[in-house]
Amino acid sequence: MIPRTLFSPDHEAFRDTVRRFIAEHVTPFHAEWEKEGQVPRSLWLKAGELGLLCCNVPEEFGGLGGDFLHSAILIEEMARAGATGPTFYLHSDIVAPYILDFGTEEQKRHWLPRMASGEVVVGLGMSEPSGGSDVQNIRTQAIADGDDYVINGQKVFITNGHSADLLVLACKTDPKQRAKGVSLILVETNRTGFTRGRKLEKMGCKAQDTSELFFADLRVPRTNLLGSEGGGFGILMTQLAQERLVQAIRGVSSAEAALEWTREYVADRKMFGQTLADFQNTRFTLADLHAQVLSQRVFVDRCIELHLRGELDAVDAAACKLVTTDLQFKVMDQCLQFFGGWGYMWEYPIARAFADARMCRIGGGTAEVMKQIIANSLLPKVRRDS
């Protein structure tokens, strides 16, 4: 492997803490969580106790006061362990920045320390049955009524939906507008009018709770508005680079893990008087996958470096997410093949990783949306007035 130069000794000490946490508190129980469809609250509290949540939130708001590299380490190690159940990355690196960057002082001091401790779990309410990526055309409405907003609508595919105490909810505060009508509202899930639907049964990421959510005349005070009214779409756009980078980190790290599992398996598997590793097809296939994953690791690390300097734009992040998640699925498919029938058994990590990887080309923006974003940058459409 080309040496990585991003991480300081302090970061590597943090990585050791993360690995111990995963080995002691995640890996032994993950299969059971897959059957239950969610991880227990005790895991969130333990992660908070060790400083693994909201790593780059300042200490004054209860966070570790670290940088994105701390988050990247946690994302990498969870991916390498195949631990898709604990969605700390969504909580800490997608939702928390909205509150940190756009929340009022009161909102930040009320929610961020409780998020960092694991006392409060958060979710992001964007996707709806009518569409996931087209945020401008969401149908959930939050209509002003005196000092309150009255919320009606439905969300689906919401990660942490079954366990969340707080939602950052995308709503239309002006249904006549598209992007300019979208606002983000903090919604506590203990409010009257909120109902959780069923836990959705997925083909992968089975320990990750994903739910339908319903809102019927739910009232929240207008002080729960995050940022400005009509500014929600713009807020969501500010975090796109980091959200896509999170998915890219997960993708390349899980691909590296799959290659290592496969290397060990083929070196031990006997077939026709030799090991599977002795066959030219095995050697060439794994060599090719290794070269591709290595190149993607260098690309992802470079994007992390740019992101730390505030120089990673949404288009380059889209390119990074597109190629890493496509390669992730390719690696899982070809590596699973070497395991033969055992690779199709759920007890083998490669089977889980194969099923989990399919979501990564959808979540955080589909591959097709990433291509559209990149194409719009390369080939801007010329508007022709009729």
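Modeller: One term before we start: contact means heavy atoms within 4.5 Å. Also keep in mind that this is a predicted model.
Biologist: How far apart are the end C-alpha atoms of H6?
Modeller: They are 19 Å apart. H6 has 13 residues (105–117), so at 1.5 Å a residue it should span 18 Å, and the two values agree.
Biologist: Switching topic: how many residues are in the largest nonpolar core?
Modeller: It has 91, and the ones with the most contacts inside it are Phe-21, Phe-88, Met-115, Ile-304 and Val-331. Helix H8 (residues 240–268) gives the largest share, 11 residues. A second, separate core has 16 residues, including Tyr-149 and Phe-194.
Biologist: What is Ile-304 in contact with?
Modeller: Leaving aside neighbours within four places in sequence, Ile-304 is in contact with Leu-6, Phe-68, Leu-69, Ala-72, Leu-245 and Ile-249.
Biologist: Now charges. How many salt bridges are there in the whole structure?
Modeller: A search finds 29. In one of them, the side chains of Glu-77 and Arg-19 meet at 3.0 Å, N to O. Glu-77 sits in helix H4 (residues 68–80) and Arg-19 in helix H1 (residues 9–25), so the pair ties together parts 58 residues apart in sequence.
Biologist: Is Glu-77 buried or exposed?
Modeller: Glu-77 counts as buried because its relative accessibility is 6%. Arg-19, at 42%, counts as partly exposed. Both belong to a network of salt bridges that also includes Arg-15, Glu-256 and Asp-301.
Biologist: Which residue does Glu-34 meet in a salt bridge?
Modeller: Arg-352, at 2.8 Å, N to O. Glu-34 is in helix H2 (residues 30–36) and Arg-352 in helix H11, 318 residues apart. Glu-34 and Arg-352 are both buried.
Biologist: Last one: which residues form the nonpolar patch on the surface?
Modeller: Trp-342, Tyr-344 and Met-345, with about 380 Å² of accessible area together. Met-345 is in the loop between helix H10 (314–338) and helix H11 (349–360), and at 34% relative accessibility Met-345 counts as partly exposed.

Technical notes: Residues numbered from 1 in each chain as written. Predicted model: local features only at pLDDT ≥ 70, side-chain atom pairs only at ≥ 80, totals over all residues. Heavy atoms only, no water. Core = buried A, V, L, I, M, F, W, Y, C linked by side-chain atoms within 4.5 Å. Buried < 20%, exposed > 50% of the residue type's maximum accessible area, 1.4 Å probe, protein only. Helix = DSSP H or I, 4+ residues; strand = E, 2+ residues; numbered from the N terminus. Patch = residues over 30% accessible without salt bridge, like charges linked within 9 Å, V, L, I, M, F, W, Y side chains within 5 Å. Areas by Shrake-Rupley, 256 points an atom, 1.4 Å probe, with all protein chains shown as cover. Salt bridge = Lys/Arg side-chain N within 4 Å of Asp/Glu carboxyl O. Expected span 1.5 Å × (residues − 1).
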